[in-house]
Amino acid sequence: MIHESEAREYVLERCRVLTATPTPLSLLTGLVLAQPVAATQDVPPFANSAVDGYAVRSVDVADVPVVLDVIAELAAGAHTTMVVGPGQAIRIMTGAPMPDGADASVMVEDTERVDGGIRVRIGRSVPCGAAVRTAGDDVLAGTELFQPGAVVTPMVAGVLASVNARLVLAVPRPRVAVLSTGDELVDDGSPLQRGQIRESNKTMLLGMVAEAGCVPVDFGIVRDDETVLEAVLRDAAESCDAVVTSGGVSMGDYDVVKAVLARIATMRWMQIAIKPAKPFAFGLLGPRNVPVFGLPGNPVSSMVSFELFARPALKKMAGHTAIDRPVLQAVAARPIQRRPDGKTHYVRVSGEFGADGRYHVDTVGGQGSHQLAASAAAQALAVVPDGDGVAADGTVSVMLLRL
Ligand code: AMP
Ligand code: MG
């Protein structure tokens, strides 16, 4: 058995960041930038009113109340060549450009239209610059906004839109082929014959791939047949950036994934000192050296193996530098029992933040590697080192899968 860090290093070393491509703004959210982005224009592009109200000369409203002539109306998107002179005001809406002559806006709540609407009484004095957003107040032209490696969050995408960055070099989402293997698997809803079971891993892994920010590609269930499996794997490695298989990598006589990959790919077969998910295979397939993750077939093992080895690698391929789930020091609500066996145990736990600000975890039901239903309730994986487990109120590291 090897330590999990060795397997992780082995995998990460062999997974390369995908080649960046010019990407339209509409597709950038969730991707990682591969170029610096500098603003080519000011945001906002012109001085404008921050309020609905009146554009005035601040000297005119030094003593209030005062009545000013309303000489025009200015909506957002409009502009005027009229100049606000002494004793004058322009009705202005939020975002409309400040007219020449005016140096402040008075919000409408501090005003009242008088004399049949041709004049306005200003009830509050405002200083020069009040409620005016100057050009470049948000972003000045020339400012370096983002560096390569920045993750495009929805807000970042909004900023890119605001500076008209419409085509930006970014790392694409890895396309990830997912396939299940096994003669016993059924996924078409038909009645189970003796010995058959319902497929679950592919459904789960396609979702996990998507949740990791990649494009999942469903390659179906492949029977335990070497010829068929070889064709499917080659096809997957041709059309995708990575391949995730489940099943067929342990010690069984029909572990055809093992037989085929050993022949057509450069593989390393690992027994990792963890529970669940001891067997794991990784290698490179085809002329493009596409990473292949051979996950174990037991559903919970598949999940843990994906979390520990495939997910960080796929994140890396997508250009992320933060590739790991957050790890917290949590409090065990009840003892987490185990016996020494030379392995680190990844115990599925539910968890919540308590009034004390700490994260409290409790083991979910069945911890068997086939008991996916119990694991589905987990928010985190508790990392329980080799030994006798964790006492009640003891501290335990947990990998947060979700909040
Ligand atoms: P294997 O690694 O192929 O020997 O599979 C180990 C166990 O996981 C067996 O009990 C399989 O029936 C089960 N298994 C394999 N693949 C799947 C799958 N896609 N969905 C549900 N169970 C599976
Ligand atoms: Mg099998």
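Predicted model: local features only at pLDDT ≥ 70, side-chain atom pairs only at ≥ 80, totals over all residues.
**Helices against helices**

On the α4 side, the contact involves Glu226, Leu229, Glu230, Leu233 and Arg234. Facing them from α5 are Val256, Val257, Ala259, Val260, Leu261, Arg263 and Ile264.

A second pair is made by helix α3 (residues 201–211) and α6, packed at about 25° with their axes 10 Å apart. Angles under 35 degrees count as roughly parallel, and α3 and α6 are therefore roughly parallel to each other. Their crossing is right-handed. From α3, the residues in contact are Asn201, Met204, Leu205, Met208, Val209 and Glu211. The α6 side supplies Pro299, Ser302, Met303, Phe306, Glu307 and Arg311.

Then there's helix α1, which spans residues 4–14. Which of its residues are buried? They are Glu4, Ala7, Tyr10, Val11 and Leu12. Those buried residues pack against several strands, namely β19 (265–271), β20 (274–275), β21, β22 (290–295) and β25 (344–353), and also against helix α6.

**Rings and charges**

Searching the whole structure turns up four aromatic pairs. One of them is Phe280 with Phe309, a stacked pair at 4.8 Å centre to centre with 25° between the planes. Phe280 belongs to strand β21 (residues 279–285) and Phe309 to helix α6 (residues 299–317), so this pair ties together parts that are 29 residues apart in sequence.

Elsewhere, Tyr10, Phe282 and Phe293 make up one aromatic cluster. Tyr10 is also among the buried residues of α1, and Arg268 lies over the face of its ring, 4.8 Å from the ring centre. Another arginine is placed over a tyrosine as well: the charged end of Arg91 sits over the ring of Tyr54, 5.5 Å from the centre of that ring.

**Backbone details**

Some backbone features deserve a look if you're checking geometry. A cis peptide bond joins Val43 and Pro44, and Pro44 is found in the loop between β3 (37–38) and β4 (48–49). The bond from Lys275 to Pro276 is cis as well, with Pro276 in the loop between β20 and β21.

There are also non-glycine residues with positive phi. Asp115 is one of them, placed in the loop between β9 (111–114) and β10 (119–122). Its relative accessible area is 45%, which makes Asp115 partly exposed. Asn164 likewise has a positive phi; its loop runs between α2 (154–162) and β13 (167–171). Asn164 is partly exposed, with a relative accessible area of 42%.

Here are the backbone angles together:

| Site | Feature | Angle |
|---|---|---|
| Val43 to Pro44 | cis peptide bond | omega about -10° |
| Lys275 to Pro276 | cis peptide bond | omega near -5° |
| Asp115 | positive phi, not a glycine | phi about 55° |
| Asn164 | positive phi, not a glycine | phi near 65° |

Notes: Residues numbered from 1 in each chain as written. Chains lettered and ligands numbered in written order. Heavy atoms only, no water. Phe/Tyr/Trp six-rings, centres within 6.5 Å; stacked < 30°, edge-to-face > 60°. Helix = DSSP H or I, 4+ residues; strand = E, 2+ residues; numbered from the N terminus. Lys NZ or Arg CZ within 6 Å of the ring centre and 35° of its normal. Contact = heavy atoms within 4.5 Å. Buried < 20%, exposed > 50% of the residue type's maximum accessible area, 1.4 Å probe, protein only. Axes fitted to C-alpha atoms, helices over the stretch in contact; angles between N-to-C directions. Parallel < 35°, antiparallel > 145°, perpendicular 65-115°, else oblique. Left-handed = near helix turned anticlockwise from the far one by under 90°.
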